[in-house]
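Hi everyone, and thanks for coming. Today I'd like to walk you through a structure that may be new to you, so please have a look at it first.

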Amino acid sequence: MRRTDDTRSGFDGGIAPGTFGVLAGVAEEVVVEPENLEGALRRMVVGLREGLGLRALTLSASVTEGRGLEARSGVAGGTAAELPILRGKKHVGTLRAYPGSLDDGRREVLRAAAGVAALALDAAYAREVAAQKTAQGSVVQIASEALGVIKEEGDLYRTVLVLTLELLDASGGAILLGDGGVVSLGFEGSEETLEALREVRFLGRSPWMGRIGGHHLLGVGLGGDEGAVFLTRPTRPYTEAEGVSLKLVARQLARARERSRLYASLERTSTEAISALAAALESRDDTTGEHIRRTQALAGEVAEEIGLRPEGIRVVKYAAMLHDIGKIGIPDSILNKPGGLTQEEWRAMRRHPATGADIIGRIAGFENVVEAVLAHHERHDGRGYPAGLAGDEVPVAARLISVIDAYDAMTNDRPYRRAMTHEEALAEIERGSGTQFDPAVVEALKTVLHHGRK
Ligand SMILES: [Fe+2]
């Protein structure tokens, strides 16, 4: 019913409220249910014809010159009364009645009927606008929610395409970047179109519509010389409303891309700071800078071997670099002590995973690295520390670091012992497989080392 009030207050047809009484029921129906607009108007026409004894009544979108009720004779064998249908001051259609005779009462009713028709058009228009707004709103809202959580620029473009293809009913989509890069979806078999789009990729921010090779196209620039996003479909041309939606998506994309670039530079800065921290730690630990780089490279290869995805490999590499960062809080006297440690010293030593996790936890974007650092002294059999996790409870990056770190420590000199050979170290690791170490990771390490030695 809210829509009834809105529509009525927006109507400027100059009909006295009492006049609606003449069209009681019919008018209400037209206004309340604009979805049934056509049916309601048809019922109104039939009702008026019967009620007023008209020979014919038509509503049409054609516009006549008259601004008021005009009676013309000699049309369709009788007198025709024509009334403009006005939306505000705009003349949008004509009501024609062919009465046997036209008295004041009938004229009044016909004026009201023209007003109702205008009102119905208002309602239909309002509904269309509302539907467009809803469609635009949902596209933009969904896109912005999704884009808000994406940090990699490449993922960003793919997600935008998947979403806009779905929401704007496109068969293909492409983002053509200013530097010539292309991310496309659903363009299989139309490489020529994609090539042609490359030529027009420096669009402004206003929607562009075109046709290439029988495909309807819609494009919007991403701002400056950043490139553009295009949609294509073979079935029908794009509408202005769809253009507006894509424009809003492009704006969200530009913002999300800005965020992702900021994020990348933040991560770079953090990584540099952490590398410096790790280097400082190394110098205390009497190991060389080579240690961290070697551990990182080997960890990356083993991570790949056990089938981790790029994000998982990234976590492993950072964890390899940072897992012992918590040792920064341990006094040199304990860290470099040649002999065995006292119970108190062990307690201090065992705090380093938690201290490290605490340090890493303050760096944006390293959330997944935190749990690997915290758990890198857990054991496969649950007898590790600090939490005593076992098997799969131990994060995979931590399981991996624990094997790599042990291997690397054994194959390099330490204050308290000489380095073992690779064979001796590997044999030692294999002895710990299934107790200290995850057997799958031990196997992966063997494979990597075996390949590396060939
Ligand atoms: Fe450690």
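To find the residue, go to the loop that runs between helix 6, residues 191-199, and strand 7, residues 208-212. G204 has 11 C-beta neighbours inside 10 Å, and a residue with 12 or fewer is exposed, so G204 counts as exposed. For a landmark on another part of the chain, take D225: it is 21 residues away from G204 along the chain, and the two C-alpha atoms are separated by 9.2 Å.

Now let's step back to the whole chain. There are 454 residues, and buried ones make up 32% of them. The chain has 16 helices and 9 strands. If we take the contacts with a separation of 6 or more, 58% of them are between residues 24 or more positions apart.

How confident is the predictor? The mean pLDDT of the chain is 73, with 64% of the residues at 70 or more. Residues 1-35 have a pLDDT below 50, although in the model this stretch has 50 contacts beyond near neighbours in sequence. Residues 73-77 are also below 50, and that stretch has 4 such contacts. Where pLDDT is low, the predicted coordinates should not be read in detail.

Next, the interior. In soluble globular proteins, nonpolar side chains tend to be buried together. Here, the largest nonpolar core has 38 residues, and V302, A319, V369 and L400 are those with the most contacts inside it. Which helices supply at least two residues each to this core? They include helix 8 (289-305), helix 9, helix 12 and helix 13, and also helix 14 (396-410) and helix 16 (439-453).

Let's look at helix 13 more carefully. Its residues V369, V370, A372, V373 and L374 are buried. What do the buried residues of helix 13 pack against? They pack against helix 9, helix 12 and helix 14.

The axes of helix 12, residues 352-360, and helix 13, residues 367-374, come within 8 Å and cross at roughly 170°. Because of that angle, helix 12 is roughly antiparallel to helix 13. On the helix 12 side you will find P353, A354, G356, A357 and I360, and they meet V369, V370, V373 and L374 of helix 13. By class, this contact has 8 nonpolar residues, 1 polar residue and no charged ones.

I325 belongs to the loop between helix 9 (310-322) and helix 10 (332-335).

Then two residues around helix 8. G300 lies in the helix, and L308 is in the loop between helix 8 and helix 9. G300 is partly exposed, with 19 other C-beta atoms within 10 Å, and L308, with 19 C-beta neighbours inside 10 Å, counts as partly exposed too. Leaving aside neighbours within four places in sequence, G300 is in contact with I313, V316 and K317. L308, on the same terms, touches A303, I313, V316 and V396. L308 and A397 are 89 residues apart in sequence, yet their C-alpha atoms are 9.4 Å apart in space.

One last stop. In the loop between helix 13 and helix 14 you can find P386. A cis peptide bond joins Y385 and P386, with omega about 5°.

Note on methods
Residues numbered from 1 in each chain as written. Predicted model: local features only at pLDDT ≥ 70, side-chain atom pairs only at ≥ 80, totals over all residues. Axes fitted to C-alpha atoms, helices over the stretch in contact; angles between N-to-C directions. Helix = DSSP H or I, 4+ residues; strand = E, 2+ residues; numbered from the N terminus. Parallel < 35°, antiparallel > 145°, perpendicular 65-115°, else oblique. Contact = placed C-beta atoms within 7 Å. Nonpolar A, V, L, I, M, F, W, Y, C, P; charged D, E, K, R; others polar. Core = buried A, V, L, I, M, F, W, Y, C linked by C-beta atoms within 7 Å. Buried ≥ 20, exposed ≤ 12 C-beta atoms within 10 Å, placed from the backbone. pLDDT = per-residue confidence, 0-100.
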